[in-house]
Amino acid sequence: MGMSLEESLRLTVAALMQATGDSQRVVADVLGLTQTQISRRQSGTASWQLDDVDTLAVHYGVRPLDLLDGPTKACEALPADRRRTVKSKGSGR
């Protein structure tokens with residue numbers, strides 16, 4: 001059997017946080033929760049709520065179904081202006 005929806009959502013939130021540079025504190029503020037509550041949800045000791053999916057979708061500029069479709073789909077749907085820009089080292093000549 002494959003990964004559960006809960007595990008997929010945890011991985012998706014982690015991937016979006018990585019792609020945008022958001023911290024758990026930022027996600028907590030968006031959801032009106034504490035950083036500890038986000039940590040528990042990300043570790044699997046607490047569950048994500050359906051309302052969280054809707055709020056996170058608005059925050060990241062993706063459809064709720066993109067969040068539920070896994071990290072790859074959600075990151076592909078992430079608008080370019082929400083992506084963290086990475087400066088390359090040694091690119092100056």
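I began with helix 2, whose buried residues pack against helix 1, helix 3 and helix 4. A reminder to myself: this is a predicted model.

Next I looked up which residues of helix 2 are buried, and found Val27, Ala28 and Leu31. They span an arc of only 100° around the axis, so they sit on the same side of helix 2. I noted the general rule here: an α-helix has 3.6 residues a turn, so residues three or four places apart point the same way. Stepping past the end of helix 2, I came to Gly32, which has a positive phi, near 70°.

Then I turned to the pairing with helix 4. Two packed helices are described by the angle between their axes and the distance between the axes. For helix 2 (residues 24-31) and helix 4 (residues 50-60), I read an angle of about 115° and axes 10 Å apart. That makes the two helices roughly perpendicular, because angles of 65 to 115 degrees count as such. I also checked the handedness, and the crossing of helix 2 and helix 4 is right-handed.

Which residues meet where helix 2 and helix 4 touch? From helix 2 I listed Val26, Val27, Val30 and Leu31, and from helix 4 Asp52, Thr55, Leu56, His59 and Tyr60. Sorted by type, the residues of this contact are six nonpolar, two polar and one charged.

Helix 4 got its own entry. I found Asp52, Val53, Leu56, Ala57 and Tyr60 to be its buried residues. Their arc around the axis is only 135°, which places them on the same side of helix 4. On the other side of helix 4, I found Asp51 and Val58 exposed. I then asked what the buried residues of helix 4 pack against. My list reads helix 1 (5-20), helix 2, helix 3 (35-43) and helix 5 (64-68). Just after helix 4 comes Gly61, with a positive phi of about 75°.

My last stop was Arg10, which lies in helix 1. Is Arg10 buried or exposed? Its relative accessibility is 14%, so Arg10 counts as buried, the cut-off being under 20%. I also looked up its contacts, leaving aside neighbours within four places in sequence. Arg10 touches Arg41, Gln42, Ser43, Gly44 and Trp48.

Key:
Residues are numbered from 1 along each chain as its sequence is written. This is a predicted model: local features need pLDDT of at least 70, side-chain atom pairs count only at pLDDT 80 or more; totals for chains, interfaces and linings use all residues. Side-chain values use heavy atoms; hydrogens and water are left out. Axes are lines fitted to C-alpha atoms, for helices over the stretch in contact, and angles run from 0 to 180 degrees between N-to-C directions. Helices (H or I, at least four residues) and strands (E, at least two) are DSSP runs, numbered from the N terminus. Angles under 35 degrees count as roughly parallel, over 145 as roughly antiparallel, 65 to 115 as roughly perpendicular and the rest as oblique. A crossing is left-handed if the near helix is turned anticlockwise from the far one by less than a right angle, and right-handed if clockwise. Contact means heavy atoms within 4.5 Å. Ala, Val, Leu, Ile, Met, Phe, Trp, Tyr, Cys and Pro count as nonpolar, Asp, Glu, Lys and Arg as charged, and the others, Gly among them, as polar. Buried means under 20% relative accessible area, exposed over 50%, partly exposed in between (1.4 Å probe, protein chains only). The arc is that of the directions from the helix axis to the C-beta atoms.
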